[in-house]
Amino acid sequence: MACAYIFLGPELGKKQEALDAVRKKLVNAEETVFYAGETPAGAIIDTIFNDSLFADSRLVIVKNAEQIKNEKEIERLVSCIKKAEEGTAVVLLSDEIKLASGFDDAVPKENRQVFYELFEREKKEWLRTFFKQKGFNIDLSGIDTILEMVENNTEALGRECSRLICFLPKDKPVTAVDIEKWLSHNREESVFTLFSHIAAGNLSKALESLHAMLAANERADNILAGLARSFRKLGDYLALLEKGETNFYELKKIGLSSPKARDDYAAAGRRYNIAAADACLALTADYDILLRSPAAALGDILMDRYILAIFAAEKLPSPA
C-alpha cells in the first residue's frame with residue numbers, strides 16, 4: 001500500500017540514510033523531487049496521483065516541507081497521501097524538527113523520525129571510525145581540526161573526509177597539521193571559507209565565495225546558519241580577548257584549537273568588536289526571516305545585501 005514518511009532534523013547524513021532505505025524498498029521507482037515554497041501543492045498532488053507508464057513504483061520527495069503551512073493545502077496533501085495507490089511513497093523532508101501538525105495524520109508514528117545533530121563525543125567517534133575503516137590512524141588534534149573546519153553533520157563530514165583520504169599519509173598518525181594543509185588546499189567553497197574572507201576584510205573574495213556556494217545549490221538559509229555559528233564563536237573569542245585569556249586551553253574550549261581557526265578569528269577580532277559581532281548576529285537573523293518571506297524570490301540579491309551589511313558593521317561603537 002502507499003507509504004508516507006517524515007524525516008526531520010539537522011543531521012543530514014542520517015536523514016539521507018533513512019531516505020536511501022526507503023528507495024531500496026521500491027522496485028524500478030520513478031523519483032520526483034519538489035521544494036515546498038517553490039512548487040504549488042497542486043503540482044505535488046498531481047504527481048502523486050498520476051500513473052507512470054514506465055515505472056513499477058513512484059517516490060515523491062518534498063524538501064523544505066516546513067514551508068507548507070496553509071491549512072487547506074495541508075488537508076489536500078494529507079487526503080492525497082492517504083488515497084495514493086500501492087507502490088507510491090511520499091517522503092517529507094525538513095531541517096527543522098517539526099512540521100505542521102496536520103501531517104501527522106497521514107504518516108504512521110513509526111515512519112516519523114527526527115535526526116538531531118550528534119553530540120560532540122559522537123562526532124569524534126564517527127570520525128575515528130571513518131578513518132579506521134579506510135586504513136588511517138588519526139589523532140585527537142586531527143579530529144578536532146576537522147570539526148572546526150567542516151560543517152558538523154555526517155553528510156558534510158563524509159564528503160570532505162572522502163576527499164581528504166586521497167592525500168593523507170597512511171604510514172603515520174594523521175595530525176592537525178596534515179588536516180589543515182590538505183583541507184584548506186583541496187576543499188570547495190563553504191561557510192568556513194566565506195567567514196575566512198569576511199575575517200580578512202576581502203569583500204570581493206567573500207562575494208565570490210558566496211556566489212560559488214549558491215551556484216552549487218547550497219541553500220541560503222544553511223549559509224546563514226553557518227555564519228550565525230561563526231559570529232557567536234567570534235563573540236566568545238572577543239570576550240576571551242577582553243579578559244586577556246586567549247591561551248590555547250581557553251581557545252580550544254570554544255572550538256578554536258587549529259592554527260587556521262585561531263588566525264581567522266584573530267583577524268576577525270581586529271575588524272569587529274563585541275557590539276559589531278552582536279550586530280552581525282542580528283543581521284543574520286533578520287535576513288533569515290527575509291529569506292522565508294515573499295522576498296525570498298530575490299534570494300541572491302538579498303544574500304549580496306547581507307554580505308555588504310556584514311562588512312558595513314565593522315567596529316560599531318560599543319554601547320555606553
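Two strands are counted as paired if DSSP finds at least two bridges between them. Helices (H or I, at least four residues) and strands (E, at least two) are DSSP runs, numbered from the N terminus. The model is predicted: local features need pLDDT of at least 70, side-chain atom pairs count only at pLDDT 80 or more, and totals for chains, interfaces and linings use all residues. Residues are numbered from 1 along each chain as its sequence is written, and side-chain values use heavy atoms, with hydrogens and water left out.

**View 1. The open sheet with strand order β2-β3-β4-β1-β5.** The sheet is built from 5 strands with parallel pairing. On average, and with direction ignored, neighbouring strands are turned by 15 degrees against each other. Axes for such angles are lines fitted to C-alpha atoms, for helices over the stretch in contact, and angles run from 0 to 180 degrees between N-to-C directions.

**View 2. The pairing of β3 with β4.** Strand β3 (residues 57-63) runs parallel to strand β4 (residues 88-94), and 5 bridges join them. Leucine 59 has alanine 89 in β4 as its bridge partner.

**View 3. Helices α1 and α2 on the sheet.** Helix α1 (residues 12-25) lies across β1 (3-8), β2, β3, β4 and β5, and runs at about 165 degrees to β1. Helix α2 (residues 41-49) also packs on the sheet, where it touches β2, β3 and β4 (contact means heavy atoms within 4.5 Å). The direction of α2 makes about 165 degrees with that of β3.

**View 4. Asparagine 28 and asparagine 64, with positive phi.** Most residues other than glycine have a negative phi. Asparagine 28, in the loop between α1 and β2, has a phi near 50 degrees. Asparagine 64, in the loop between β3 and α3 (71-83), has a phi of about 55 degrees. At 44% relative accessibility asparagine 28 counts as partly exposed, whereas asparagine 64 counts as buried at 9%. Buried means under 20% relative accessible area, exposed over 50%, and partly exposed in between (1.4 Å probe, protein chains only).

**View 5. A nonpolar surface patch of Ile97, Val114 and Tyr116.** Together these residues have about 280 Å² of accessible area, from the Shrake-Rupley method with a 1.4 Å probe; for residues, only the protein chains shown count as cover. Valine 114 lies in strand β5 and, at 31% relative accessibility, counts as partly exposed. Like charges are joined within 9 Å, and nonpolar side chains (Val, Leu, Ile, Met, Phe, Trp, Tyr) within 5 Å.

Notes:
Patch = residues over 30% accessible without salt bridge, like charges linked within 9 Å, V, L, I, M, F, W, Y side chains within 5 Å. Salt bridge = Lys/Arg side-chain N within 4 Å of Asp/Glu carboxyl O.
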